[in-house]
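Biologist: I would like to learn how to read a metal site and a helix packing in a model. Could we begin with the metal?

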Amino acid sequence: MDSAQIRDEFFEQYKDFYAGGPVPQYASNDFAYYLECHRKRLDDKGITAVKKIERIEDDINKVLHKEKPPYVLDMTFKECNYETEYYKDGTFLARSDKDTETLYCNVLHKPGYQEETISCPNCGHSAGSKSFINGCPMCGTRFKTFKFFPCVTSFYTLPKFIDRSKTERSLKDVVKLGVILAVIVAIGVFLYNWLAEGSLGAGIFFGIIAGLITGWLGTIFLYLGFSLILGITAFSRMFAQAADTSDIQAARLTKKRFETDMARYFNDFSYEYFEGKIQDLLKSIIYSDNRSDLSIYKGQDQLGFLDDVIDVEYRGGFKYLGSTVVGDVLHVRLINYVFCEVCIDGKIKKYQRSFNMELIRRLNRAEDLGFSVHAVNCSTCGATFDAMHEEKCPHCGHPYELINDDWVVILVRPG
Ligand SMILES: [Zn+2]
Ligand SMILES: [Zn+2]
């Protein structure tokens with residue numbers, strides 16, 4: 001199955017998930033974990049989020065292929081209208097935005113992958129790993145110590161500034177309005193000539209002429225007026241957008257320097273994959289109930305202020321501040337630009353937030369795109385376990401450090 005198809009199927013199920021449905025079948029188990037944390041946060045706040053992803057007719061729809069043996073990473077992107085509506089007790093509270101976005105979605109393939117058979121730790125039911133994404137199909141026990149491919153590892157949206165589908169719809173309305181106007185004028189002129197002047201023939205004749213002229217001139221004037229209004233709004237929105245995103249534009253200028261720096265430590269470093277990674281890490285930290293024993297976050301700050309965040313949207317850029325190597329541990333400092341939807345006392349507000357983040361990882365092992373914190377292998381006894389809240393192997397007690405395999409966040413601080 002190709003990546004664009006996987007993505008489209010994934011998003012159909014993603015919408016259903018927020019309506020109370022099962023976890024999308026293609027969600028990687030890390031992603032599934034994140035989705036469940038997010039749904040729990042919304043439930044705790046008593047908020048229902050309705051996700052809408054509308055297709056746009058003349059869409060950009062592309063797939064970027066990156067081979068990184070034993071994996072193939074497909075970054076798919078397309079134009080769409082991605083929106084979230086928030087409700088509490090059936091009452092509408094807020095809508096995320098009305099604009100068009102580009103949706104980026106990463107799909108990870110592992111050519112030649114044979115679906116692993118796993119056994120439920122509770123009832124012993126064994127089946128293909130993918131059938132366990134929503135818990136054991138026999139007893140419902142939830143555990144995530146497995147991986148499968150292909151899977152959707154992450155996605156984010158970037159805002160677009162002009163809504164083309166809406167423009168087309170409005171143009172059709174202009175023509176419709178012109179026709180309606182023409183019919184009204186035609187009937188008016190016909191009635192006037194017929195009733196006031198007493199001539200049915202003149203009524204029909206002048207009625208048709210007046211209708212045609214109104215229809216023709218009317219549509220032209222309406223069209224001109226509409227274009228003018230559209231031009232002015234597009235123009236002012238362009239300015240508003242430019243002011244809004246100047247920090248993002250500036251941040252993206254650090255991309256080259258970041259890639260150059262990372263190339264010293266990693267073969268074939270993927271900027272886009274890292275970009276998705278920091279969004280996932282931030283969101284997972286935000287939606288966590290208990291951050292004290294979280295293996296992906298080892299910072300000093302308590303981060304209680306993040307408990308009211310119910311949604312996070314990447315604004316499309318992060319600013320690389322610099323990196324250092326301490327011993328054999330690489331530290332990367334950056335500013336991550338996001339929007340946060342915050343729910344306090346049943347009211348939702350959207351804030352622009354820039355988070356200073358610092359991430360670390362040990363430099364002694366190659367990057368493994370298929371790595372999952374929920375399914376790590378113990379180097380001593382070989383057992384697979386979920387390391388999200390564990391610092392040692394539950395089977396043999398051997399200490400486990402996530403920074404050997406993946407990025408760990410040690411600082412999240414609003415800037
Ligand atoms: Zn079971
Ligand atoms: Zn072990």
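Modeller: In this predicted model the zinc ion (ligand 1) has a tetrahedral site, with angles of 106 to 113 degrees among its four donor atoms; four donors count as tetrahedral if all angles lie between 85 and 135 degrees. Ideal angles for four tetrahedral donors are 109.5 degrees. The model is predicted, so local features need pLDDT of at least 70 and side-chain atom pairs pLDDT 80 or more, while totals for chains, interfaces and linings use all residues. Residues are numbered from 1 along each chain as written, chains are lettered from A and ligands numbered from 1 in written order, and side-chain values use heavy atoms, leaving out hydrogens and water.

Biologist: Which residues are the protein donors of the zinc ion (ligand 1)?

Modeller: Donors are N, O and S atoms within 2.8 Å of the metal (3.2 Å for Na, K and Ca), and sites may look incomplete because water is not among the atoms. Here they are the SG atoms of C120, C123, C136 and C139, lying 2.2 to 2.3 Å from the ion, with the spacing C-x2-C-x12-C-x2-C in sequence.

Biologist: And what is the spacing of the donors of the zinc ion (ligand 2) along the chain?

Modeller: The spacing is C-x2-C-x11-C-x2-C, and the donors are C378 (SG), C381 (SG), C393 (SG) and C396 (SG).

Biologist: At what angle do the axes of helix α2 and helix α6 cross?

Modeller: Axes are lines fitted to C-alpha atoms, for helices over the stretch in contact, with angles from 0 to 180 degrees between N-to-C directions, and helices are DSSP runs (H or I, at least four residues) numbered from the N terminus. The axes of α2 (residues 29–44) and α6 (residues 271–287) cross at roughly 40 degrees and come within 9 Å.

Terms used: Helices (H or I, at least four residues) and strands (E, at least two) are DSSP runs, numbered from the N terminus. Four donors count as tetrahedral if all angles lie between 85 and 135 degrees; four count as square planar and six as octahedral if opposite donors are over 155 degrees apart and all others between 65 and 115; anything else is irregular.
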